[in-house]
Every structure is written in structure tokens, then in C-alpha cells.
Amino acid sequence: MSPAVRLPRPLVAAGALVFLVAAGLVLLMVVRPSSASPSAGSGASATAPAEDSADVGFARDMSVHHQQAVEMAFLVRDRTKDEDVRRLAYDIINTQANQRGMMLGWLESWGRPKSSERAPMEWMGHPVTADDGSLMPGMATDTELDALRAAEGGDAEIRFLRLMTVHHRAGADMARAAAASAGTDEIRNLAAGMARAQDSEISLMADMLKARGARP
């Protein structure tokens, strides 16, 4: 099992609140029949996506991916006074913490564990075994996170924008795969919107890096 990414205390509290709100929304959704096909012999609800489905795999993997994005956004927020970077950080914190809460809530409603021994991205047909210390493509290594923690001002801004650009590219690729192969409307719609939003933020971050005389 991949180790969980450690979160700062403010995120733990915020994440708990988001999860409670998202769980409430999920309970309302459960009243409606899911569009997923029944999973024969799975032992779960007849309407729950199968354990090896794109829906379950994406919800798990993207929850971890989002968790690190939120952590990096908190780090840069406290290391710069630049309003544009801080605004982007707040957007990532709010959006991705909320989406993470929704995905964890769906896993709960489907009766699926929030973590698994399965390799990351196995649901995409190419399980990942990272050899650089990262959990999945696009995710920062511990060394890169430590460097961001040690940075201040313009250095922190550039490090964050570069790391988040790579993070978003991989996240958008994963989201597009889920939008194309998931069996539930919830995951298909969330993933499609996620890909569009992250592509837009990649363009924004390219402009922000250029304004700082840095390359992506």
C-alpha cells in the first residue's frame, strides 16, 4: 500500500469539514439508481461499481493526487505575498479539497475501501511503479516538497508553479481516461470538468512562469 501523504493541520480540519458536506450530498445521490452496471459476485451493492472498475480506481487515485496538490497550495500560500499566486493556491485548495471529499464519499457509499493494495493507475491498464519516490505520475517527490518548504518569495512561486504544472498535466490525463471509461455519471462528469479546469490552469501557470522569467 502506498504511504499516505502527510497533511498540515489546517488541511486536516478543512478536509474533515469538506468530507462531511460531501458525504451528505452522496447520501442524497444514493437515493437515485446509479448508472453503473451491476458487478456480479462482488459482494457489494448491485448498483456499486466493481472493485476493479475505472470509477473506483479513479476515485482512489485522484483523491491521493488531489491531496498532494492541496498540500503544495498550502505551502506556497504561506511562502509568498504575491496575490496572483495566492489566489491560484486558494482556488486549488478549495476546489480540489471539495472534489476529494466527493470522491471519498462515493467510495463510502459504494462500500469500497478508500485505499487498496492495487498498484496506482491499474484501472487505466498501466499500473505504476514509480522509481523516483513519487506515488504516481506528476506527483512531487519528497525531495521536491522539502525544497518547496525551504523556499520563500519568488523562488517558492516558481517552484510551486513548475511542480503544479507537472501535477496538473498528469491529473488531466487521468481525468480524461476516467471520463472516457467510467461507468457512473458522477465520475464521468466530475472527471470531464476536472480535465477542462486543469488544462485552463496549466495555461495560466505558463503565463505566470513567463512573467517571472522562468520556463515550465
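1. Just after helix 6, G213 adopts a positive phi of about 70 degrees; helices here are DSSP runs of H or I with at least four residues, strands are runs of E with at least two, and both are numbered from the N terminus.

2. This is a predicted model, in which local features need pLDDT of at least 70, side-chain atom pairs count only at pLDDT 80 or more, and totals for chains, interfaces and linings use all residues. Residues are numbered from 1 along each chain as its sequence is written, and side-chain values use heavy atoms, with hydrogens and water left out.

3. The chain has 6 helices and 0 strands, and along the sequence the pattern reads α-α-α-α-α-α.

4. Helix 6 covers residues 185-211, and its 27 residues should span 39 Å at 1.5 Å a residue, which agrees with the 39 Å between its end C-alpha atoms; the expected span is 1.5 Å times one less than the number of residues. Its buried residues (under 20% relative accessible area, 1.4 Å probe, protein chains only) include E186, I187, L190, Q198, E201 and L209.

5. Of the 216 residues of the chain, 45% count as buried, while the accessible surface, by the Shrake-Rupley method with a 1.4 Å probe, comes to about 10,800 Å², 54% of it belonging to carbon and sulfur atoms.

6. The mean pLDDT (the predictor's confidence in each residue, from 0 to 100) is 84 for the chain, with 77% of its residues at 70 or more. Over residues 1-43 the pLDDT is below 50, and in the model this stretch has 57 contacts (heavy atoms within 4.5 Å) beyond near neighbours in sequence.

How values were computed: Buried means under 20% relative accessible area, exposed over 50%, partly exposed in between (1.4 Å probe, protein chains only).
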